[in-house]
Amino acid sequence: MGFKEELNRRKTFGIISHPDAGKTTLTEKLLLFGGAIQIAGAVKSNKIKKSATSDFMEIERQRGISVATSVMAFEYRGLKINILDTPGHQDFAEDTYRTLTAVDSVIVVIDVAKGVETQTEKLVEVCRMRNTPIIVFINKLDREGLDGFDLLDEVEQKLGLKVRPLSWPVGMGQRFQGVYSMYEKKLVLFRPHSKQDSDEKIEITDLNSPELEKHVGERAAQELREEVTVIEEVYPAFSREAYLNGELSPVFFGSAVNNFGVRELLDCFVDIAPTPLPRITEERPVHPDEDKFSGFVFKIHANMDPNHRDRIAFLRVCSGTFQRNTNYLHVRQGKQMKFSNPTSFMADKKTVVDEAYPGDVVGLYDSGNFKIGDSVTEGEVLHFKGIPSFSPEQFRYVNNKNPMKAKQFNKGLEQLMDEGVAQLFTREINQRKIVGTVGALQFDVIQYRMEHEYGAACDYEPVNFYKACWVSCDDKKLWKNSKNAANATSRTISMEISSSWLKAPGRYKWRRKTTRRCSFI
Ligand code: G4P
């Protein structure tokens, strides 16, 4: 197969949801359809359960799982579909945001009983900002939930999405009989605990046909007719172009655990979802069909095996063909590197890949060379844009508990920061280190991993800051005065940033052109 064919048969997407809405279950069912796994239960949830706040072994276990399920690929109708997993836990939202830079579209899973939840709102906002095409899957129709129209209103209001149902439920909970697919003009009947394959679809091109009564009964048939009429009148007609521009989101209903409505979702997804999209760099847009290879690292997973200090950098291929054992430029370090064991992951299997195409994600074994956002190319200097680094909201002094382990302590902190777990600041006046995180759970993760992976025990001390932000000023005198004033009031305390990503040459050069300090408030 030639490069163009390989490129055009790839669809790379992420599934996002509030924890427990059914993301893992849906992923698993999609993989089952694709034949990538044979049995249910092969994909473990990578979610860190609420109880895990104090259960570090659980965090560790989950970390192991999450790398295995980071990227899952399967073949369906001649296409290669890459699912990028996103942690549902809100304290790891940063990881999810970064993963969203590596996908070309998303499926949002919503629990029919709970409606739109907070985590989903935040994640969809990020997708909207990037105009990422979104499909909505309303899950758990086998349970009683909110009325379909109320849910659509909620999706429109809370998620700011313009929606267009492409399937519609016939009843719900105890009365749930199936869905009518407006996309395929077919009635799909729900048989709990059956395998639900495509043979159970009944073609009903005309909803007024008495066939409908025969299958779902008089009352449900009448209700469905009325509801579909309302949909046709109220919601815009589906347009693939509007979907691809991120302006219209098709909505599907189903029950992932019963494997119901999933095939309809998948069939529509493969028809409409985008093939790999161009990516923006500081220098120029990069188109997937360019000859030369380029890609960026959006996730780093460290120390999977505690006996070897190996890390895996996940690289999204953006253009050209990535080849094993070929010299590529690590742009930030300005050095040539080649990768002898680029890896793809699938449930609990690892495979060495010889070639990867735009849309694919390869795991690169790394001994500390990569940071999130790094570009790898065939020689051109490119800096991919849009990989977010979030302003931390929680801060603590971090102390090395054992002065004999200073080297391990510094190395551990540095590597965890490279992974994007948190950001590290050094206080100007006393050189003390402050860790800034987005979620509280990261503090526990850092403490645990520092001790178990680097042999450096650490503890925290509270510090009374709630925000770190950039302050800049072109007027040096004004800057000096305001800095002194800030220090005097001690409400705003200027600090030198020692966070390693800021030291990255090239990417953040512009910051040094003006006098800038990171201030804590
Ligand atoms: P997440 O990754 O979004 O966090 O959700 P996950 O798939 O783990 O699903 C959360 C729970 O919801 C699971 O139950 C799962 O079985 C259930 N679930 C998923 N889809 C449906 C559905 O269509 N209908 C119903 N009724 N339940 C569904 P659990 O009890 O937490 O876990 P498990 O013991 O079943 O694995």
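In the predicted model, an N or O atom in the side chain of Lys140 lies 3.0 Å from an oxygen atom of the ligand; a polar contact is a pair of N or O atoms within 3.5 Å. A polar side-chain atom of Asp142 is placed 2.8 Å from a nitrogen atom of the ligand, and one of Ser255 is 2.7 Å from a ligand oxygen atom. The ligand taken alone exposes 700 Å², of which the protein buries 66% (Shrake-Rupley method, 1.4 Å probe).

The ligand is surrounded by 17 residues, each with a heavy atom within 4 Å of it. The closest are Asp20, Lys23, Thr24, Thr25 and Ser255. Helix 2 (residues 23–33) contributes three residues, the most to this shell; helices are DSSP runs of H or I with at least four residues, and strands are runs of E with at least two, numbered from the N terminus.

Helix 8 (residues 218–234) has 17 residues and should span 24 Å at 1.5 Å a residue, which agrees with the 24 Å between its end C-alpha atoms (expected span: 1.5 Å times one less than the number of residues). Ala220, Ala221, Leu224, Arg225, Val228 and Ile231 of helix 8 are buried (under 20% relative accessible area, with exposed being over 50%; 1.4 Å probe, protein chains only). Seen down the axis, these buried residues fall within an arc of 135°, so they line one face of helix 8; the arc is taken from the directions from the helix axis to the C-beta atoms. Glu218, Arg219, Glu233 and Val234, on the other side of helix 8, are exposed. The buried residues pack against helix 6 (148–159), strand 6 (163–165), strand 7 (167–170), strand 8 (178–181) and helix 7 (211–216), contact meaning heavy atoms within 4.5 Å.

Residues are numbered from 1 along each chain as its sequence is written, and side-chain values use heavy atoms, with hydrogens and water left out. Local features need pLDDT of at least 70 and side-chain atom pairs count only at pLDDT 80 or more, while totals for chains, interfaces and linings use all residues.

Methods
A polar contact is a pair of N or O atoms within 3.5 Å; within protein, one must be able to donate a hydrogen and the other to accept it, and residues adjacent in sequence count only if both atoms are side-chain atoms.
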